[in-house]
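User: Please walk me through the strand pairing and helix packing here. Keep it short.

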Amino acid sequence: MQSINRMKIEFDSKSTNEAFARVVVAAFAAQLDPTLEELADLKTAVSEAVTNAIIHGYENKPGTIYMECVLYTGEIMVVIEDKGVGIEDIEKARIPSYTTKPELERSGLGFSIMESFTDSFEIESSMGSGTKITMKKKFTT
Amino acid sequence: MDITVQQEKSVLTVFLKGELDHHTASKIKDTIDLLMLESSVKMLILDMSEVTFMDSSGIGMIAGRYRRVKSLGGSMSIRNANKVISKVLKMSGINQLMKIS
């Protein structure tokens with residue numbers, strides 16, 4: 001599929017950048033004229049992926065988060081990547097309400113939300129080298 | 001995230017304004033927990049009318065406050081959640097633990 005537009009940014013693994021990342025993606029996606037609900041779903045999914053990179057990938061230590069967005073006709077692909085610790089057991093991590101950090105009041109719903117608020121969702125991860133989340137969201141307009 | 005509180009006897013109402021994510025959740029948690037330590041709270045009400053965004057970090061914060069107020073023998077409810085917020089609340093199943101309007 002031919003892409004219409006593309007952007008790539010990197011930013012520090014800091015919690016203030018959760019809001020920054022979702023606003024950037026929403027602003028870029030606006031070119032495809034999504035509905036407010038589609039945009040809200042996309043922002044929520046992006047927020048989950050960036051939060052995971054900060055808390056789990058980099059374990060609240062300094063790091064860099066890489067984000068790439070590609071626009072296609074009626075669809076956006078968002079890739080969010082960290083070079084952090086990686087996920088030990090992806091299948092377990094995908095179980096709704098499963099969390100490795102209950103003491104931080106994590107709900108364990110991050111992956112469930114990414115999955116149900118987008119049209120496709122993939123996790124690539126290896127221990128010691130990081131995690132890459134690829135999400136695609138279709139816009140009906 | 002702006003937090004305004006109103007307390008009438010054992011009923012604590014917390015008005016949230018802004019975006020509820022991992023970054024802002026800890027401030028809300030600390031504010032509510034301190035108030036629950038300082039006085040007897042039997043009913044915690046979260047007013048979400050001015051919350052424009054919430055992700056699973058908000059769910060974690062709400063579930064944590066629910067456990068705390070429950071351990072004090074009280075209860076909790078959420079009011080004025082908009083459509084976008086309600087979608088995340090429903091997905092979490094938290095609507096089975098407390099009244100959401």
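Analyst: In chain A, β4(A) pairs with strand β5 (residues 130-138) in the antiparallel sense, over 7 bridges. Strands pair if DSSP finds at least two bridges between them. This is a predicted model: local features need pLDDT of at least 70, side-chain atom pairs pLDDT 80 or more, while totals for chains, interfaces and linings use all residues. Residues are numbered from 1 along each chain as written, chains are lettered from A and ligands numbered from 1 in written order, and side-chain values use heavy atoms, without hydrogens and water.

User: Which residue of β5(A) is the bridge partner of F121(A)?

Analyst: Helices (H or I, at least four residues) and strands (E, at least two) are DSSP runs, numbered from the N terminus. The bridge partner of F121(A) in β5(A) is M135(A).

User: Which strands stand at the edges of the sheet in chain A?

Analyst: The open sheet has 5 strands in the order β1-β2-β3-β5-β4 (chain A), with antiparallel pairing. An edge strand has a single partner, so one side is left without a neighbour in the sheet. That applies to β1 (5-12) and β4 (120-126) of chain A.

User: At what angle do α1 and α2 of chain B pack?

Analyst: Helix α1 (residues 22-38) and helix α2 (residues 56-71) of chain B have axes 9 Å apart. Axes are lines fitted to C-alpha atoms, for helices over the stretch in contact; angles run from 0 to 180 degrees between N-to-C directions. α1(B) is roughly parallel to α2(B) (under 35 degrees). The packing angle is about 15 degrees.

Notes: Angles under 35 degrees count as roughly parallel, over 145 as roughly antiparallel, 65 to 115 as roughly perpendicular and the rest as oblique.
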